[in-house]
Amino acid sequence: MLDGLFVAPAVAAIGEALASAHAEGTIAVLGNARIAKGLAASREVVTELAAQPPGSLAAVVGTQADVSTLRDWSRVVRDGGAIVLVDRGPAADASRKVLCAGLTELEQRHAGRTVVTSGLVTHI
């Protein structure tokens, strides 16, 4: 029961980030099954990227990613889709990672100690 208490604010912040980015359609959630379950209540969620063709997802939500991982995630997100990074580190570090991965229109939200950083994918 307490797991839901701690995950619910993060799921709400992620939902806000996805709505702000107009990320409609299937999303991938990587690294946290509780977040995946929470988001699956309102949208189609996949938990593996291996079978996803390039540009097929509206968004990827993940935890504890470095810059190269964020770039890999960008491959499966359609142009104008979103990547949402969920982390407990400093907000400035999350912003740096997302910017270095080439994402634009960054937004950050806080849910307790969790920082939810989102950015849009642009394929040029």
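Biologist: How do β5 and β6 pair, and over how many bridges?
Modeller: β5 and β6 (residues 114–120) run antiparallel and share six bridges. Two strands count as paired if DSSP finds at least two bridges between them. Helices (H or I, at least four residues) and strands (E, at least two) are DSSP runs, numbered from the N terminus.

Biologist: Before we go on, what sort of model is this?
Modeller: This is a predicted model, where local features need pLDDT of at least 70, side-chain atom pairs count only at pLDDT 80 or more, and totals for chains, interfaces and linings use all residues. Residues are numbered from 1 along each chain as its sequence is written, and side-chain values use heavy atoms, with hydrogens and water left out.

Biologist: OK, what pLDDT does the chain average?
Modeller: The average is 91, and 96% of the residues score at least 70. pLDDT is the predictor's confidence in each residue, from 0 to 100.

Biologist: And which elements have the lowest and highest mean pLDDT?
Modeller: Helix α1 (residues 2–20) has the lowest at 83, while strand β1 (residues 27–30) has the highest at 97.

Biologist: Back to the hairpin of β5 and β6: what sits between the strands?
Modeller: Two residues, and G112 takes a positive phi near 65° in that hairpin. A111 has T114 of β6 as its bridge partner.

Biologist: Is E105 buried or exposed?
Modeller: Exposed, because its relative accessible area is 62%. The cut-offs are under 20% for buried and over 50% for exposed, with partly exposed in between (1.4 Å probe, protein chains only).

Biologist: What about H22, where is that?
Modeller: H22 is in the loop between α1 and β1. Phi of H22 is also positive, near 55°, and H22 is exposed at 65% relative accessible area.

Biologist: Switching topic: how much space lies in the largest pocket?
Modeller: About 270 Å³. A pocket here is an open set of points on a 1 Å grid over the protein atoms alone, where a 1.4 Å probe fits, with protein on both sides within 12 Å along at least five of seven lines; lining residues have an atom within 4 Å of a point. The volume is the space filled by probe spheres set on the points, which are joined across faces, edges and corners.

Biologist: Which residues lie nearest its centre?
Modeller: N32, I35, V86, R88 and T114, out of 13 lining residues.

Biologist: Which element gives the most to that lining?
Modeller: α1, with four residues.
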